[in-house]
Amino acid sequence: MTTIATARLKLRPLTMADAPVIARLGNDFAIARMTGRMPHPYRLVHARDFIASLQGGREIAYAIVGPGGFAGCCGKIPLGDGMVEIGYWLGRPYWGCGIAGEMAAGLIAFLFADGATDEVRVSHFDDNVASKRLILRQGFAHVGTDFAWCAARAAHVPCLRYTLTRERWQQPGSRP
């Protein structure tokens, strides 16, 4: 698996050595409530199980490593026919630092550069205003609203869905 570099960040494959910091940062209800799969409380066993689940699977997850160290995770799941879904979360100490935008731009550029990806999809819960701003800044177009499961809330939550095609991404002025 490739490491993706941006100006300040390195997106590198997750390893089992990352489990303690994932558990520490992820055990924050403010983070878990905005993800689909993170339960709360989020323990070391959850982080280890997540990393182990990546072995040989279709999903690829990266550690987001910045100037302050491990900041969070991002990843992709191939959907078939040139489509990929991405997801991400950042530890609270890294909010508001521009890391999420830089990570998203780098990940999207990497996906479109591989030649196999024609469309990137992403979603956020309707109360995640920060993700909405990030997604729209990256040039995504809103394509629908439905409900998605949130493990931390133990409920189905309204979820907004977006798409970004290679064609739209390549248009002048469409990205940061």
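Which residue forms a salt bridge with E119? The partner is R121, and the closest N and O atoms of the two side chains are 3.0 Å apart, a salt bridge being a side-chain nitrogen of Lys or Arg within 4 Å of a carboxyl oxygen of Asp or Glu. The structure discussed here is a predicted model, in which local features need pLDDT of at least 70 and side-chain atom pairs count only at pLDDT 80 or more, while totals for chains, interfaces and linings use all residues. Residues are numbered from 1 along each chain as its sequence is written, and side-chain values use heavy atoms, with hydrogens and water left out.

R121 counts as partly exposed at 33% relative accessibility, whereas E119 counts as buried at 18%.

Side chains of opposite charge can pair when their charged atoms come close. A search of the whole structure finds 9 salt bridges, and one of them is formed by E59 and R37, whose closest N and O atoms are 2.6 Å apart. This pair links distant parts of the chain, 22 residues apart, with E59 in the loop between α3 (44-53) and β3 (60-66) and R37 in the loop between α2 (29-32) and α3; the helices (H or I, at least four residues) and strands (E, at least two) named here are DSSP runs, numbered from the N terminus. E59 is buried, with a relative accessible area of 17%, but R37 counts as exposed at 56% relative accessibility.

If residues up to four places away in sequence are not counted, E59 touches R37, F50, L54, K76 and I77, where contact means heavy atoms within 4.5 Å.

Another salt bridge is formed by R166 and D118, with the closest N and O atoms 3.5 Å apart. Here too the pair links distant parts of the chain, R166 being in helix α6 (residues 166-170) and D118 in the loop between α4 (99-113) and β6 (119-125), 48 residues apart. R166 counts as buried at 17% relative accessibility, while D118 counts as partly exposed at 42%.

Attention can now turn to helix α1 (residues 19-26), which is mostly covered, since 6 of its 8 residues are buried. The buried residues of α1 are A19, V21, I22, A23, L25 and G26, and they pack against α2, α3, β4 (69-80) and β5 (83-90).

The cysteines come next. With a disulfide taken as a pair of cysteine sulfur atoms within 2.5 Å, the count comes to 0 disulfides. C73 is in no disulfide, and the nearest cysteine sulfur, that of C74, is 7.7 Å away; C73 is also buried, with a relative accessible area of 5%. The sulfur of C159 is 10 Å from the closest cysteine sulfur, in C150, and therefore too far for a bond, and C159 counts as buried at 2% relative accessibility.

On a 1 Å grid over the protein atoms alone, a cavity is a set of points where a 1.4 Å probe fits but cannot get out, and a pocket is an open set with protein on both sides within 12 Å along at least five of seven lines, while lining residues have an atom within 4 Å of a point. The structure holds 1 cavity of 30 Å³ or more, and about 40 Å³ of space lies in the largest cavity. Among the residues that line this cavity are I86, Y88, A104, I108 and F140, and β5, α4 and α5 (129-137) each supply at least two residues of the lining. The largest pocket has a volume of about 1,300 Å³ and is lined by 48 residues, of which M34, T35, G87, Y88 and W89 lie nearest its centre. To the lining of the largest pocket β5 gives the most, with 6 residues.

Key
Buried < 20%, exposed > 50% of the residue type's maximum accessible area, 1.4 Å probe, protein only. Points joined across faces, edges and corners; volume = space filled by probe spheres on them.
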